[in-house]
Structures are given as structure tokens and as C-alpha cells.
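Please look over the sequence and the structure shown below before reading on.

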Amino acid sequence: MKKLLCVALALTLAVSLLAGCDGTTTPPAATGNSTPAAGGDAGAGAGAPQDKMFNVALTAPFTGFDPLRTNDSASTYVNAQIYETLYRIDPVTGEYICLLAAELPQFSEDGLTATIKLRDGIKFHDGTDFNAEAVKYTFELIKDPEFGSARASIAGSIDSIECPDDTTVVFHLTYEDGVLVAKLAHTNSAIVSPTAQKGQDLMVNPCGTGPYKFVSSVSGSNVVLTRNDEYWGEAPDIKDVTMTIIAEESTAIARMETGEADFMPNVTVEQVSRIEGIPNVKFETSEAAQIYYMCMRGSSYKNPVMAEKEFRTALAKSIDKEGYVQYIMETYADAAESVLGPKITGFAEEAVTHNIAYDPEGAKAILDAHPGWADEEISFLVPSTPGYQNMGEYFLANMKAAGFNNVKYESIDWAAWLNESKTDGRFDVTLAAWSNVTRDGSELMEPNFHTVNGQKRIRYAGDDGAKVDSFIDNSKTTSDMQVRSENLLKVNALLQDEAYVQPIYHGINLYAYNTAYTGVTRDPGGTFYLKDIKYAG
């Protein structure tokens with residue numbers, strides 16, 4: 001058997017070999033640019049009592065607590081504390097570290113069999129044993145089309161699974177999966193208790209192996225967690241946690257000011273100066289493998305003229321993403337010239353040559369050359385969360401300035417957008433984002449743009465969808481990085497050349513926390529882990 005040669009997913013363009021798992025369960029905190037706030041004594045401050053509830057303010061609602069059926073950021077924030085995956089990606093080095101797995105996979109010479117040794121003696125929160133059968137059960141659920149996994153593509157290469165003993169699981173693959181370990185580190189492949197999953201609804205009553213256990217939740221309001229005192233790894237410092245949904249960002253910041261909230265994992269640029277002025281609160285940034293983009297449907301549209309590549313191109317030319325980054329994001333982001341970003345495995349400089357640049361005069365020229373196009377009704381669907389609203393309003397003004405006279409702007413609740421943006425005939429243009437947990441190009445392209453395994457927000461004209469699927473499939477069915485990159489670049493080129501996607505910006509994580517704590521960070525995939533947080537002083 002051959003040892004897996006792991007591709008470094010650190011935020012570099014180079015490919016390097018990673019070390020095997022050494023049993024580490026808590027990687028070092030990421031180092032980012034930080035701005036300590038002015039001194040003072042608001043809120044808890046340094047030296048907070050160690051029995052104090054740790055309060056997290058979320059500005060977007062979670063949709064549920066089953067890691068296999070949810071894929072929104074707020075739900076992941078909760079689930080990452082309760083459940084665990086076989087591996088985790090170190091937020092600093094990008095190396096794979098072992099969680100429920102005891103070591104990295106051993107692959108057969110043909111790459112079609114992966115054998116993984118598991119840790120022994122771990123229990124789920126319901127008291128049942130974590131073992132190979134639980135891993136098998138989890139991935140068979142992900143594979144099952146009737147189950148409704150949020151990321152069925154995670155198990156797309158798995159043909160069958162066997163369990164020679166309680167601490168060994170063997171994946172038999174239908175193809176050499178160059179992304180398998182990245183998938184096994186994805187939060188949507190967290191291992192669930194078979195007993196709990198069969199006997200209760202994990203969406204409302206979760207059960208994992210993680211450092212925190214579920215206590216209670218009020219739908220649409222909050223969730224309460226407590227430390228798992230039987231946790232197999234290093235015990236977290238923080239005992240009790242409440243995550244509260246506060247839709248109005250200004251209200252969430254007010255709670256940071258009074259000490260009622262200790263951590264805001266998401267801060268918009270407009271509120272940075274206010275955050276920086278709060279005593280005993282630190283504003284911080286960290287690297288992110290994140291893309292915000294505009295979807296332009298080529299079929300299943302409300303407006304049939306969206307089938308015209310030139311019309312979509314005019315829309316793309318109307319979008320001033322550089323201005324948005326400069327004046328709205330205030331440089332807390334990089335304007336995106338490609339869907340496949342520079343922090344993602346598979347990127348090459350040629351990706352940016354397919355960028356459709358801001359050119360309002362060029363957009364007007366296209367509209368002038370086609371009588372009636374300027375007055376075509378365009379349905380612009382925008383999620384109601386603060387960041388999306390800022391983008392939506394800015395780009396609405398861009399479109400109107402470029403000569404689109406009939407853009408219908410619709411703001412929609414986040415949870416509703418997650419579902420309705422996937423349906424036929426619901427919109428012509430929308431905004432979306434992806435935080436790439438694995439930092440792998442195939443794991444960016446497949447869930448977003450594949451016509452079968454993806455979110456189906458993008459709809460293609462003609463045979464473009466079949467081409468996209470073929471390129472994506474070719475990118476993931478080999479461990480040859482040259483072949484993988486070639487196909488990922490082809491997907492990127494088609495999405496932009498045919499004006500289905502206008503990439504907006506590659507983001508960074510902006511967050512704030514009470515200085516009574518240290519080790520607070522968000523990894524490049526956007527996730528945070530409460531077990532990494534310590535008391536300061």
C-alpha cells in the first residue's frame with residue numbers, strides 16, 4: 001500500500017508534501033492582522049470569571065444541527081463544536097491533522113482503496129461507541145439520494161465501505177479521488193451517531209463526539225451548548241456557550257459594547273471603526289479562502305433574453321467590483337478576476353485572463369445594439385443579510401447607470417434564499433458566496449456549478465452544463481495535479497467567458513471578540529472552534 005501524499009492546502013500556490021498525523025487535536029491559533037481597541041472597562045474585559053457564559057452573536061440564522069443536511073455558515077458554526085470529522089485542516093499550515101482518525105489514509109497502488117485507522121475509546125454524546133460502523137453509516141447516509149445530504153459529492157467516489165474491525169474502515173472507490181482527504185476534513189462529513197440519527201431528529205437535537213454538547217435551542221433565536229466533560233481530547237476552557245441570532249448588526253455590536261456578547265464571527269466593513277472604539281474588544285482579520293460572486297442564469301430564467309450571452313456579458317460589464325472593494329470594503333478584500341482564486345489548489349495565473357472587466361460604456365453599447373434590451377425586466381434576488389444587502393444596492397446602482405432600466409430588486413430572508421435560489425424561474429440574477437473549507441478547486445467548482453451534484457443556482461444554455469460537468473469530473477478523478485488544474489481552469493474559463501458568473505471579491509475574515517479571551521480565530525474556510533479559545537491572563 002502507498003502512503004497518501006497530501007497536497008498542502010495552506011494559502012500558497014505551491015504544492016508540497018505534508019507530514020502525517022501526530023495526534024495533535026488543537027492547532028495553533030491563526031495569526032492575522034489585529035487592531036486592539038482602546039483601553040477601558042466595558043463589558044467583561046480581561047479576567048472574566050471562568051464560569052461566565054460565553055456569548056456568540058450571529059447576524060445570520062442557523063438552519064439546523066445535522067451536519068450532513070446543512071451547509072450554511074451559521075449552522076456550521078454550531079455543528080463544528082458538537083460534531084467531529086476524521087481530519088481537520090490546520091488553520092495556519094494547511095496540513096491535515098487527525099481528529100477521529102488515528103492516522104492518514106493508506107492508499108492502494110491503484111488509488112482505489114483507502115484504509116483508515118480510527119481512534120479507540122471515543123463515545124458519542126448519547127453514550128454509544130464511535131467506531132468503524134459509525135463511519136460507514138455516516139458515509140452511506142451521505143451517499144443515499146433519499147437522505148438529502150447537503151454535500152452528496154463528498155461521497156461521490158465511494159463505491160462501498162467495509163469494517164474489518166472496530167478501528168479500521170476501508171473505502172473502496174470507483175475512481176482515484178484526488179480530493180478524498182479534503183472531503184474527509186469537510187464539516188459536512190462529520191460523523192454522526194447511528195443510534196441518535198435513527199432515534200431522533202438531529203436537526204433539532206444533535207449528537208456528536210465533539211467537545212461541546214447540545215443543551216437547548218429556541219428556533220430562530222439561540223442555541224445553548226455546554227462542555228462535554230467526557231471529551232476524548234483536551235478539555236476546552238470555556239464551559240457554557242450561547243449563540244444568539246441578532247439580525248441587526250448594530251444591535252449585535254451594542255451587545256459587544258455592554259459585554260452581553262463576547263464574540264462576533266462576522267463584522268461588516270462599515271462597522272469596523274465602531275468595533276475598534278469599544279474598550280476591551282479586539283477587531284481582527286484572518287486569511288480566507290472565500291469568493292463572492294454574481295450568478296447570471298442562462299436558462300430556467302424569468303427573462304428569456306438571459307439566454308443571450310451578449311446580454312449576460314453586458315450585465316457583467318456593468319458591475320464595478322473594483323469600486324466596491326475600494327469604497328465599500330475599504331481594501332478588506334481583493335477584487336476577484338477569476339472564480340478560481342489564488343488561495344485555492346488548482347489556480348494558475350491564466351485564470352484571470354478570462355475576467356470581464358468593469359466597462360459601463362461597453363455595456364451600454366451592447367444594449368444600444370439590441371433595441372428593447374435596456375428595458376427588459378431583470379429579477380435581481382438578494383439575501384437580506386447585511387453584507388449581501390450592501391452588495392445588492394451597490395450593484396443595482398451599477399446596472400441602472402449602465403442602462404438597464406428595469407431591474408427588479410428583491411430582498412429575501414436568508415433561509416428562504418437558500419432554498420428559493422435553487423428553484424426554476426425564481427430569478428435572473430443573484431449573489432452568492434462560498435467559503436472553501438477544503439481550499440480545493442474541485443470542492444469549489446462541484447458544489448457550486450455542477451449540474452447534478454451542485455447547488456443548481458447557475459443554469460446553463462445549450463450544452464455548456466455538460467461541458468462544465470465533464471471538466472469538474474475530470475478534475476476530481478485523479479491525483480495528478482497538472483490534470484486537475486487544467487480541468488479546473490477550463491471550468492473557470494467557461495463560467496466567465498460565457499458570462500454565467502461575475503466574480504466579485506475574494507474576502508478575508510473580519511471578526512471581533514472580548515479581550516478576556518485568547519485563541520479566538522476563524523480558519524480560511526470561515527469556521528471557528530470554541531475549544532481553541534482560552535482565558536486571557
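A search of the whole structure finds zero disulfides, a disulfide being a pair of cysteine sulfur atoms within 2.5 Å. Cys-163 is in no disulfide, and the nearest cysteine sulfur, which belongs to Cys-98, is 18 Å away. This is a predicted model, in which local features need pLDDT of at least 70 and side-chain atom pairs count only at pLDDT 80 or more, while totals for chains, interfaces and linings use all residues. Residues are numbered from 1 along each chain as its sequence is written, and side-chain values use heavy atoms, with hydrogens and water left out.

- Strand 8 (residues 158-165) and strand 9 (residues 168-173) run antiparallel and are joined by five bridges; strands here are DSSP runs of E with at least two residues, helices are runs of H or I with at least four residues, and both are numbered from the N terminus.
- Two strands pair if DSSP finds at least two bridges between them, and a hairpin joins strand 8 to strand 9 through two residues.
- Ile-161 stands opposite Phe-171 in strand 9.
- Lys-136, which lies in helix 2 (residues 132-143), touches Ile-161 and Cys-163 when residues up to four places away in sequence are not counted, contact meaning heavy atoms within 4.5 Å.
- The side chains of Lys-136 and Glu-140 are joined by a polar contact of 2.8 Å, a term for a pair of N or O atoms within 3.5 Å in which, within protein, one must be able to donate a hydrogen and the other to accept it, and residues adjacent in sequence count only if both atoms are side-chain atoms.

- Helix 5 (residues 249-258) has Glu-249, Ala-252, Ile-253 and Met-256 as its buried residues, where buried means under 20% relative accessible area, exposed over 50% and partly exposed in between, with a 1.4 Å probe and protein chains only.
- Seen down the axis of helix 5, these buried residues fall within an arc of 100°, so they line one face of the helix; the arc is that of the directions from the helix axis to the C-beta atoms.
- Among the elements that cover the buried residues of helix 5 are strand 13 (263-264), strand 14 (281-286) and strand 21 (509-514).
- Just after helix 5, Gly-259 takes a positive phi of about 85°.
- Strand 21 is largely enclosed by the rest of the structure, because six of its six residues are buried.
- Asn-509, Tyr-511 and Tyr-513 point one way from strand 21, whereas Leu-510, Ala-512 and Asn-514 point the other way.
- Strand 13 runs antiparallel to strand 21 and is joined to it by two bridges, with Met-264 standing opposite Ala-512.
- Strand 14 also runs antiparallel to strand 21, here with six bridges, and Glu-284 has Tyr-511 as its bridge partner.

**Nonpolar cores**

- The largest nonpolar core has 88 residues, of which Met-294, Phe-404, Met-445 and Phe-449 touch the most other members; such a core is a set of buried Ala, Val, Leu, Ile, Met, Phe, Trp, Tyr and Cys residues joined through side-chain atoms within 4.5 Å.
- Apart from it lies another core, of 71 residues, with Phe-62, Leu-180, Ala-190 and Tyr-511 among them.

**Buried threonines**

- Thr-430 is found in strand 19 (residues 429-435) and is buried, with a relative accessible area of 0%.
- A polar atom of the Thr-430 side chain lies 2.5 Å from the backbone oxygen of Leu-381, and residues touched by Thr-430 include Met-294, Cys-295 and Trp-417.
- Thr-385 lies in the loop between strand 17 (378-383) and helix 10, and at 12% relative accessibility Thr-385 counts as buried.
- Leaving aside neighbours within four places in sequence, Thr-385 is in contact with Thr-59, Ala-60 and Trp-414.

**Positive phi outside glycine**

- Thr-331, which is not a glycine, has a positive phi of about 70°; Thr-331 is exposed, with a relative accessible area of 62%.
- Arg-439, in the loop between strand 19 and helix 12 (442-449), has a positive phi near 60° and is buried, with a relative accessible area of 2%.
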